[in-house]
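My entries follow in the order I checked things.

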Amino acid sequence: MSSKGQHVVPNGAKWAVRRAGAGRASGVFSTQKEAIARGRELAMSQGTELYVHGQDGRIRERSSFGKDVFPPKG
Amino acid sequence: MSDPKFEDSVFINCPFDEDFEPILQAILFCVLYLGKKPRLATERNDSGENRLEKIRGLIESSKYSIHDLSRCQATKKGEHFRLNMPFELGIDYGCRQYFGNGRSEKRFLILEEKKYRFQAAISDISGSDIVAHGADFGKAVKAVRNWLVSEAGVNSVGATRILAEYVVFQEWYWEKKLAEGASEGEIKEYPTAELMMAMEEWIGLGKPI
């Protein structure tokens with residue numbers, strides 16, 4: 001069901017970009033904005049989803065750059 | 001379904017409010033990932049069952065307990081601090097001391113949001129080891145992981161690995177919910193009982209990526 005998306009996750013006082021299942025983060029950034037920009041770049045090039053997590057660790061936003069089987073409604 | 005074994009059960013005594021929910025859910029993931037079974041007062045919805053009786057049953061049938069005292073101080077004027085958590089810690093302590101029948105083997109982890117704050121609210125336990133998580137889900141996971149490794153002898157999986165797997169689970173959960181016809185708004189409500197069932201399902205399926 002899953003497609004190994006890119007995730008922007010809190011990393012202490014910083015933000016990391018991590019592919020689901022990857023052993024380590026592909027990048028750590030000072031701001032969430034920078035991390036989202038890098039995560040979007042990677043998701044677009046890999047044709048996958050980008051999941052942005054909140055400071056509380058939970059996914060708060062999903063953007064699809066692949067064949068989105070479940071596009072946003074409305 | 002039969003109740004989980006005493007040795008596998010982890011009673012979770014924590015605030016059930018919206019602000020604490022993400023920390024609770026991360027703790028639940030950590031406990032399940034390390035092979036234990038979280039036991040919550042909200043796990044059964046029988047209105048005819050007395051809440052205190054339910055809690056007593058959970059305490060007696062759990063070898064391990066996580067007590068989070070993060071709501072020991074009111075956050076604004078006129079608000080009451082919450083007594084349920086220290087009360088249930090007291091029941092658990094009594095169970096360990098007086099129940100007999102192997103309950104002296106019970107193990108506790110006491111968590112708090114801020115270091116030393118509990119000493120003013122409940123000084124009787126000032127000699128106990130209490131771990132502060134700073135309302136950070138990652139620190140809470142680390143505290144639970146360290147405690148389960150040292151006290152329950154679970155496999156020594158690193159906290160970083162557990163948090164990375166939490167990311168994998170969340171992606172799986174999000175896609176599963178979309179496939180079931182949920183809207184993104186509905187998914188973001190993250191109902192704890194449903195999330196916990198999904199965590200168990202994900203683990204049962206072999207933690208798919």
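Predicted model: local features only at pLDDT ≥ 70, side-chain atom pairs only at ≥ 80, totals over all residues.

Asp92(B) sits in helix α3 (residues 84–98) of chain B and Lys106(B) in the loop between α3 and β4, so the pair ties together parts 14 residues apart in sequence. I found both Asp92(B) and Lys106(B) buried.

I then noted one network of salt bridges with shared partners. Its members are Lys176(B), Lys177(B), Glu180(B), Glu194(B) and Glu201(B).

Next I looked up Glu200(B), which forms a salt bridge with Lys37(B), the closest N and O atoms being 2.8 Å apart. Glu200(B) lies in helix α8 (residues 192–204) and Lys37(B) in strand β2 of chain B, so this pair links parts 163 residues apart in sequence. Glu200(B) is partly exposed at 30% relative accessible area, and Lys37(B) is partly exposed at 24%.

Which residue of chain B does Arg58(A) form a salt bridge with? I found Glu21(B), with the closest N and O atoms 3.9 Å apart. Arg58(A) lies in a loop of chain A and Glu21(B) in helix α1 of chain B, so the pair joins two chains. Arg58(A) is buried at 11%, while Glu21(B) is partly exposed at 21%.

Last, I traced the sheet of chain B. Its 5 strands are parallel and run in the order β2-β1-β3-β4-β5. The edge strands are β2 and β5. The twist averages 25° from one strand to the next. Helix α1 of chain B packs on this sheet, touching β1, β2, β3 and β4.

Note on methods. Residues numbered from 1 in each chain as written. Chains lettered and ligands numbered in written order. Heavy atoms only, no water. Pairing = 2+ DSSP bridges. Helix = DSSP H or I, 4+ residues; strand = E, 2+ residues; numbered from the N terminus. Axes fitted to C-alpha atoms, helices over the stretch in contact; angles between N-to-C directions. Contact = heavy atoms within 4.5 Å. Salt bridge = Lys/Arg side-chain N within 4 Å of Asp/Glu carboxyl O. Buried < 20%, exposed > 50% of the residue type's maximum accessible area, 1.4 Å probe, protein only.
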